[in-house]
Amino acid sequence: MILLRVAAGALVLAHGLVHLLYLADDVAEFSLERSWPVPDGVRRAVALGLIAGTVVAFAALALALWGVPGLSSAWPAITVGAGLFSMVLLVLFW
């Protein structure tokens with residue numbers, strides 16, 4: 001059971017870190033330079049905030065899965081938050 005929690009946490013952490021690919025040039029269809037609803041002046045700041053929030057939320061979720069006190073009981077809420085950050089980032093910048 002412990003091995004399963006470690007593996008699940010590692011996969012969740014890796015998924016969160018994949019969102020850093022938004023910072024690379026021309027990776028798939030993701031770009032910080034294009035967004036249909038976000039104005040040019042705040043586009044980069046919004047994108048960086050969402051990327052940071054997504055990575056932090058998935059890292060917190062990994063820690064929760066690994067049983068860190070204070071986070072382990074909050075994993076359902078952290079999961080929803082991480083998913084929302086990721087979804088908003090995808091919708092705005094894909």
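This is a predicted model: local features need pLDDT of at least 70, side-chain atom pairs count only at pLDDT 80 or more; totals for chains, interfaces and linings use all residues.

Residues are numbered from 1 along each chain as its sequence is written, and side-chain values use heavy atoms, with hydrogens and water left out.

**Exercise 1.** Find the buried residues of helix 3 and work out where they sit around the axis.

*Solution.* Start with the helix itself: helix 3 runs over residues 75-93 (helices are DSSP runs of H or I with at least four residues, strands are E runs of at least two, and both are numbered from the N terminus). Next, pick out its buried residues, which are Ile-78, Ala-82, Ser-86, Leu-89, Leu-92 and Phe-93 (buried means under 20% relative accessible area, exposed over 50%, partly exposed in between, with a 1.4 Å probe and protein chains only). They cover an arc of only 140° around the axis, so they end up on the same side of helix 3 (the arc is that of the directions from the helix axis to the C-beta atoms). Finally, the cover over the buried residues includes helix 1 (2-18) and helix 2 (40-65) .

**Exercise 2.** Which elements give two or more residues to the largest nonpolar core?

*Solution.* First, the core: it has 10 residues in all, among them Tyr-22, Leu-50, Val-55 and Phe-93 (a nonpolar core is a set of buried Ala, Val, Leu, Ile, Met, Phe, Trp, Tyr and Cys residues joined through side-chain atoms within 4.5 Å). Then sort by element: helix 2 and helix 3 are the ones giving two or more residues to this core. Helix 2 gives the most, with four residues. There's also a second, separate core of nine residues, including Leu-61 and Ile-78.

**Exercise 3.** How are helix 1 and helix 2 oriented to each other?

*Solution.* Their packing angle is about 175°, and the axes are 8 Å apart (axes are lines fitted to C-alpha atoms, for helices over the stretch in contact, and angles run from 0 to 180 degrees between N-to-C directions). Helix 1 and helix 2 are therefore roughly antiparallel (angles over 145 degrees count as roughly antiparallel, under 35 as roughly parallel, 65 to 115 as roughly perpendicular and the rest as oblique).

**Exercise 4.** Is Arg-43 buried or exposed?

*Solution.* Arg-43 lies in helix 2. Its relative accessible area is 12%, so Arg-43 is buried.

Terms used:
The expected span of a helix is 1.5 Å times one less than its number of residues. Contact means heavy atoms within 4.5 Å.
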